[in-house]
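Please read the points alongside the sequence and the 3D view.

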Amino acid sequence: MSFLNIFHLLALLLAPILGLLVYVTNRARASNLFFLIFSIIMAAWLGFLGAAFYLSDELWIARCIRGACMVSVFAAFSFNGLRVALLNPELSPLRIVRTTWPFLAATIFAATICTTRFFLRNVTWSPDLDIAEPHYGPGIAIYGAFHVVALSYLTLRFIQNVRVAVGIVRTELQFVMLGSAVGIGFAMLTTVILPVVTDNTIW
């Protein structure tokens, strides 16, 4: 097992554990619930990516790619829910979901696209390169556009919120921004960047 395996497994295990620990400290806080959901989504994303690198069956690789992309769009929605919950601690999780319904609708639409051949036509295994090659359809443009818009929106809103927030709310927002940047960056490094640079799969 390489160091990439170890890093990936640690991230896969620690994400939901950390989310659960935060949640049980105060189950009444909506922000704790959204953080738990976000942590589970990130773990699922890492799991799908790891399986896609590990498997050699084209059909299952395609399913894992679709699964990874599908759960990734929900990460943005749960992260926005966390932001709203920190700013409005009096709101219940259901109320937050209702007030952010346009974001949820766009998320469900993008996630649905990810499950179709319109998004991913097929995957072919290359014995010479020992790697699977995904063949995307026009839906990849919708998926990419969703992430660009969602991440731009979240970044802008977080910056605006941090500037006007005070006290513990400001500290929590800064902590969430830093922690999420580190976590997502670490996940991308160990599951995508390093395997490509080192010409090595995760497993």
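1. Ile37 counts as partly exposed because its relative accessible area is 35%; the term covers values between buried (under 20%) and exposed (over 50%), with a 1.4 Å probe and protein chains only. Ile37 belongs to helix α2 (residues 30-54). Between the C-alpha atoms of Ile37 and Ala75 the distance is 8.4 Å, although 38 residues separate the two in sequence.

2. The model is a predicted one, in which local features need pLDDT of at least 70 and side-chain atom pairs count only at pLDDT 80 or more, while totals for chains, interfaces and linings use all residues. Residues are numbered from 1 along each chain as its sequence is written, and side-chain values use heavy atoms, with hydrogens and water left out.

3. The protein has seven helices and two strands, arranged from the N terminus as α-α-α-α-α-β-β-α-α. Helices (H or I, at least four residues) and strands (E, at least two) are DSSP runs, numbered from the N terminus. Of the 203 residues, 38% are buried.

4. Two packed helices are described by the angle between their axes and the distance between the axes. Helix α2 and helix α3 (residues 58-87) cross at roughly 160°, and their axes come within 8 Å. Axes are lines fitted to C-alpha atoms, for helices over the stretch in contact, and angles run from 0 to 180 degrees between N-to-C directions. α2 and α3 are therefore roughly antiparallel, a term for angles over 145 degrees. Their crossing is left-handed: the near helix is turned anticlockwise from the far one by less than a right angle.

5. Helix α5 (residues 101-114) packs against helix α6 (residues 139-164) at an angle of about 150°, with the axes 9 Å apart. This makes α5 roughly antiparallel to α6. The crossing of α5 and α6 is left-handed.

6. Which residues form a nonpolar patch on the surface? They are Leu10, Leu13, Leu14, Ile17, Leu20, Leu21 and Val24, with about 650 Å² of accessible area together. Leu21, in helix α1 (residues 3-25), counts as exposed because its relative accessibility is 52%. Patch residues have over 30% relative accessible area and no salt bridge, and nonpolar side chains (Val, Leu, Ile, Met, Phe, Trp, Tyr) are joined within 5 Å, like charges within 9 Å. A salt bridge is a side-chain nitrogen of Lys or Arg within 4 Å of a carboxyl oxygen of Asp or Glu.

7. Gln174 lies in helix α7 (residues 167-197) and is partly exposed, at 37% relative accessible area. Gln174 and Asn161 are 13 residues apart in sequence and 9.7 Å apart in space, C-alpha to C-alpha.

Conventions: Areas by Shrake-Rupley, 256 points an atom, 1.4 Å probe, with all protein chains shown as cover. Parallel < 35°, antiparallel > 145°, perpendicular 65-115°, else oblique.
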